[in-house]
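This report is meant to be read beside the sequence and the 3D view. Please keep both open while reading.

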Amino acid sequence: VSTGGIATSFSLLDGSIAALSLAATLWAGLRVKRYIGTIESYLVASRGMGLYVGAASLLSTEVGIITFMYQAQLGFVAGFSAFVVGLITLAVCLLVGRTGFVITRLREMQILTVPEYFERRYGRGVRVLAGVLMALGGSLNLGIFPIIEARFLAIVTGIPSRYLGWTMAALLLVALAYTALGGMVSLIVTNYVQYVLLAAGTVAVTLVCLPEVGWGAMVGAVEGHMGGHGFDPVADLGAGFILWQVLLWIALMTVWQSVAMRTFSTRDAAVGRKMFTLTGFLFLGRALIPMAWGIAALAFFWARAEPVAAPAGATPGAQIESLDARLDETFREDLDAGRLQRALPEVDLLERLAREEKARSPEAARLEASARDRRGEIGLLAMPWMLAATLPTGLLGLVVAGMLAASISTYAGYFLGWSSIIAQDVVAPMLSGGTFVGAVPRKASELTGPYASPTHPGVSSPDGAALPGHTRLFLTRVTVVALTAFLMVWSLVYDLPGPAYFYLQVTANLFMAPTLVAVVGGLYWRRASAFGAALSFVLGAGASLAYLVPWLELGVATAGNLSWALAVAGFVAGSVLSPSRGAEARA
Amino acid sequence: MSWPSFWLFAFVVAFLSFVLISLVIAVRGVGEIRELFRALEEERGRRTS
C-alpha cells in the first residue's frame, strides 16, 4: 500500500485460471441439456436432488460476490456485532431443518413455485398478485448485483473501467446460456463445481488475509475506532434489528423462490430437512467469514492510516465545513485508487467533529450522516482493496475463479427462480384464463378433485391442463432471456442512490413478509382466506415502500418490522372479516 | 466469557465447519450427481419409448 494507491498483482496466469474455470462451468452446464424434456425436469430436476449436491446448490446460489461484499461491509461498519446475523441464520436453518416448518408441507405438495401454492389455497387472484410482487421485487433486487460486483472485479483484477460492462455482460451470458437450456439440472451440476471453487477461494482468502492482519489487531481496531461499539449486538444494532433479521431469515429459508426451488427439487421432504440442517453451518460461515474479512480490512487500513489534523477554522462549524469540502475533492479519487489509509481517518475525524457539534448545528447533523454514508462506501470497497494488496499472483486467480463461480451460480439460480415466477405465476395464468376456485387444501393429502393427476397422485397444478407443458417450458426459457436483457439494461442505467444493503432489503421486503404470512396462515390456519392474503400483500408491500417516502423518516429496520406487523394484521383482519368458503362449509 | 473471546469461538466454529462440510460435499457430491444422471436417463428413456 503506497501513497499512490494499490496496484493489484493480477496477471495473465490469474486471468487464465479464471477463464478456464468459466469454460469448465459452461461446458458442464451445457452438457446436461439433453435431460430436459418437461417443465418439471427443467424447474426442479425431476425432484431427484440429493443431500450434498442440494447443500452445494443452495449455498452457491445464495453466495455471490455481492454477498461477500455486503457482509464484509457490515463487518467493517458494525465490527463483531455483525456476527449476530450469522448466528440468527444458523438458528433459523436448524429450526427449519429439525421441525420441517413450512418446507415439509410445501415439498409434499409437489409444487414448482411458491405462488402456485397460493392458487391452490386462495385462488388465482392471490397467485398473480403474489407473482407480480415477487417478480418485481426479485428482479429489482437482482438488478444491482452486476453494478456492485463490477466494482469488486475492477479492483481485484485491475480491468479498466471501459471493459467492465463487457465483462459483466459476458458473465451474464454464460449464466444465461446454461440456465436457459439446462434449467435446474444444469444448475445442480454447475453449482457443485462452483461450490468447490468458491469454498476453495473462501478458505484461501481467510488463510492469507487473517494471519496477515492478525486477530488481535482486528479486536484492537474495533476497540480503538468504533467508539466503544462493535461487540455487543443488542446494544449496537438494537433489538428491533435482531427481531427483523429473525423474521427475514425465516422467510428467506422457507419461501424465497431460489431457496424454495431447492426444497422442491430434493428427493423427498426428509432430504429437504437434512439439507437445511447441514447448510445451517455453511450459512454461518457465509456470514461470519466475509464479515471477518471486513473487520480485517478495517484493521489493515487503520494500521496504515496517515495522520490527519483538524483543518484550521475559527469555529468548530467552520472546521467541519472545511474538512467536508476537502473530502469532496479527494474522497472519490482515494476510493478509486485504494488510498483508504487517507480517506478513512479523514471521514472518521469529520464524523467525530460533526457528532460533537450536531446539538448546536443542524448542518453538522447532516454532515455526520454524510460521513457515515462515506464510511459505508469505504466499507464496501475496503475488503476487495485488501485482497488486491495482499493476495499473490496465482492465488489471486484461484480466488477470482471462486468469486466468479459464486457470482454466476447466483445469477443462474436467480434467473431460474424469478423467471419461473414470471412465467408460471404471472404470464401463464393470464394466458390460460379462467379462475380456479377449489377446496381449501392445507397439505398434500387434502388435495383432491381438479388437483388429481396421474403423474403426481393427488397433486396437480390447476393451470397445467390449460397450458401444455412444452408451452410453459418455452415460456420460462423466453423469460430467462428477457430477465437477462432487463438485468443488463438496468445495471447500465440505474444509479444506486444509497447503501446497497438498504436497497437489497427494501426490494426483498416488498414481498417477503406477506409471502411467509400467507403461506404459514394457509398451511396452519383453517380460517385463512383469499381476502386476508390479498390484504396482507397490499399492506406488507405498502409498508416496505414507506421506507422510500422521505418525510416519514423510517429506518430500514422499522420499515421492515412495520411490513411484518401490517402483513400479519391485514391477513388476520381480512380472514376474520371474510373467511374462506372452505372454512364456512366445514363450520 | 468476554465478547472478543465469544466472537473468536464463534468464528472458529464457523470456519472449521465450513471447511469440513465443504470437504464432505466435494467427496459425496460426485456420487449423487451420477445418481441424478442415471435417474434422468431412465426418465428420458421412458419419455421417448
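The sections below cover the model, the contact between the chains, some helices and the salt bridges.

## The model

This is a predicted model, in which local features need pLDDT of at least 70 and side-chain atom pairs count only at pLDDT 80 or more, while totals for chains, interfaces and linings use all residues. Residues are numbered from 1 along each chain as its sequence is written, chains are lettered from A and ligands numbered from 1 in the order in which they are written, and side-chain values use heavy atoms, with hydrogens and water left out.

The pLDDT is the predictor's confidence in each residue, from 0 to 100. Chain B averages 89, and 98% of its residues score at least 70. For the complex, the predictor gives an ipTM of 0.91 and a pTM of 0.86.

Chain B has one helix and zero strands (DSSP runs numbered from the N terminus: H or I of at least four residues for helices, E of at least two for strands). Its C-alpha atoms fill a box of roughly 65 × 15 × 10 Å along the principal axes. Of the 49 residues in chain B, 35% are buried (buried means under 20% relative accessible area, exposed over 50%, partly exposed in between, with a 1.4 Å probe and protein chains only).

The contact (heavy atoms within 4.5 Å) takes 48 residues from chain A and 31 residues from chain B. The area buried between the two chains is about 3,500 Å², with 78% given by carbon and sulfur atoms; buried area is the accessible area (1.4 Å probe) that two parts lose on being put together, summed over both. On the chain A side, Tyr35(A), Tyr52(A) and Tyr192(A) lose the most area to chain B, together 21% of what that side buries.

One salt bridge is counted between the chains (a side-chain nitrogen of Lys or Arg within 4 Å of a carboxyl oxygen of Asp or Glu). It joins Glu35(B) and Arg267(A), at 3.1 Å from N to O.

## Helices of chain A

What about helix α7 of chain A (residues 114-121): is it enclosed or open? Eight of its eight residues are buried, so it is largely enclosed by the rest of the structure. Just after α7(A), Gly123(A) takes a positive phi of about 115 degrees.

## Salt bridges within chain A

Over all chains, 19 salt bridges are counted. Side chains of opposite charge can pair when their charged atoms come close. In α7(A), Arg120(A) pairs with Glu116(A) at 3.1 Å; these residues are four apart, about one turn of the helix, and both are buried. Arg124(A) forms a salt bridge with Glu119(A) at 2.8 Å, and both of these are buried too.

In helix α17 (residues 340-357) of chain A, Arg355(A) and Glu351(A) also lie four residues apart, and their side chains meet at 3.4 Å. Arg355(A) counts as partly exposed because its relative accessibility is 41%, whereas Glu351(A), at 6%, counts as buried. Both belong to a network of salt bridges that also includes Asp348(A) and Arg375(A).
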